[in-house]
Amino acid sequence: MLDLKSLLADIACAIVDHPEEVVIEDKSTDDEVYLVLHVAESDVGMVIGRHGKIAKSIRMVMKAAATSINKRVTVEIS
């Protein structure tokens with residue numbers, strides 16, 4: 001079974017300079033997963049990217065992964 005929270009953590013840790021400060025809050029229901037990604041203040045720009053391109057890509061990968069297990073996912077970056 002695919003764990004969406006650990007997938008998001010792996011993606012975020014690969015992008016940021018301070019992976020030890022990556023924290024993910026999980027607020028899930030039966031068919032929907034709501035993930036809030038917290039990173040160090042200096043790493044927020046890296047996760048969002050220019051014009052939000054990296055954030056959009058992260059969300060796209062997470063939605064594809066969630067579709068494979070018949071769930072909906074929402075990713076918020078803070």
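Mentor: One term before we start: contact means heavy atoms within 4.5 Å. Also keep in mind that this is a predicted model.

Trainee: Fine. How many strands are in the sheet, and in what order?

Mentor: The sheet is open and has 3 strands, in the order β1-β2-β3, with mixed pairing. β1 (23–28) and β3 are at the edges with a single partner strand each, so one side of each has no neighbour in the sheet. From one strand to the next, the twist averages 20 degrees.

Trainee: Mixed how? Do β1 and β2 run parallel or antiparallel?

Mentor: β1 and β2 run antiparallel, and 6 bridges join them. They form a hairpin, with 3 residues between the two strands.

Trainee: Which residues can I click on to see that pairing?

Mentor: Start with Glu 25, whose bridge partner in β2 is Val 36. Then take Asp 26, which has Leu 35 as its bridge partner in β2. Lys 27 stands opposite Tyr 34 in β2.

Trainee: And the other pair, β2 with β3, parallel or antiparallel?

Mentor: Strand β2 (residues 32–38) and β3 run parallel, again with 6 bridges joining them. Glu 32 has Arg 72 as its bridge partner in β3, and Leu 35 stands opposite Val 75 in β3.

Trainee: Staying with β3, which side chains are buried?

Mentor: In strand β3 (residues 72–77), Val 73, Val 75 and Ile 77 point to one face and are buried.

Trainee: Now the helices. What does α1 lie across?

Mentor: α1 lies across β1, β2 and β3, and runs at about 30 degrees to β2. α3 packs on the sheet as well, where it touches β2 and β3. The direction of α3 makes about 155 degrees with that of β3.

Trainee: What angle do α1 and α3 make with each other?

Mentor: Helix α1 (residues 4–15) packs against helix α3 (residues 53–68) at an angle of about 155 degrees, and their axes are 11 Å apart. Angles over 145 degrees count as roughly antiparallel, so α1 is roughly antiparallel to α3. The crossing of α1 past α3 is right-handed.

Trainee: Which residues meet there?

Mentor: From α1 there are Leu 4, Leu 7, Leu 8, Ile 11 and Ile 15. They meet Ile 54, Ile 58, Val 61, Met 62, Ala 65 and Ala 66 of α3. By type, the residues in this contact of α1 with α3 are 11 nonpolar, no polar and no charged.

Trainee: Change of topic. I clicked on Asp 17. Where is Asp 17 found?

Mentor: Asp 17 is in the loop between α1 and β1. Asp 17 is exposed, because its relative accessible area is 53%, and the cut-off for exposed is over 50%.

Trainee: What is Asp 17 in contact with?

Mentor: Neighbours within four places in sequence aside, Asp 17 is in contact with Asp 43 and Met 46.

Trainee: Where are they?

Mentor: His 51 is in the loop between α2 (44–48) and α3, and is exposed with a relative accessible area of 82%. Asn 70 is in the loop between α3 and β3. Asn 70 is exposed too, at 69% relative accessible area.

Definitions and conventions: Residues numbered from 1 in each chain as written. Predicted model: local features only at pLDDT ≥ 70, side-chain atom pairs only at ≥ 80, totals over all residues. Heavy atoms only, no water. Axes fitted to C-alpha atoms, helices over the stretch in contact; angles between N-to-C directions. Helix = DSSP H or I, 4+ residues; strand = E, 2+ residues; numbered from the N terminus. Parallel < 35°, antiparallel > 145°, perpendicular 65-115°, else oblique. Left-handed = near helix turned anticlockwise from the far one by under 90°. Nonpolar A, V, L, I, M, F, W, Y, C, P; charged D, E, K, R; others polar. Buried < 20%, exposed > 50% of the residue type's maximum accessible area, 1.4 Å probe, protein only. Pairing = 2+ DSSP bridges.
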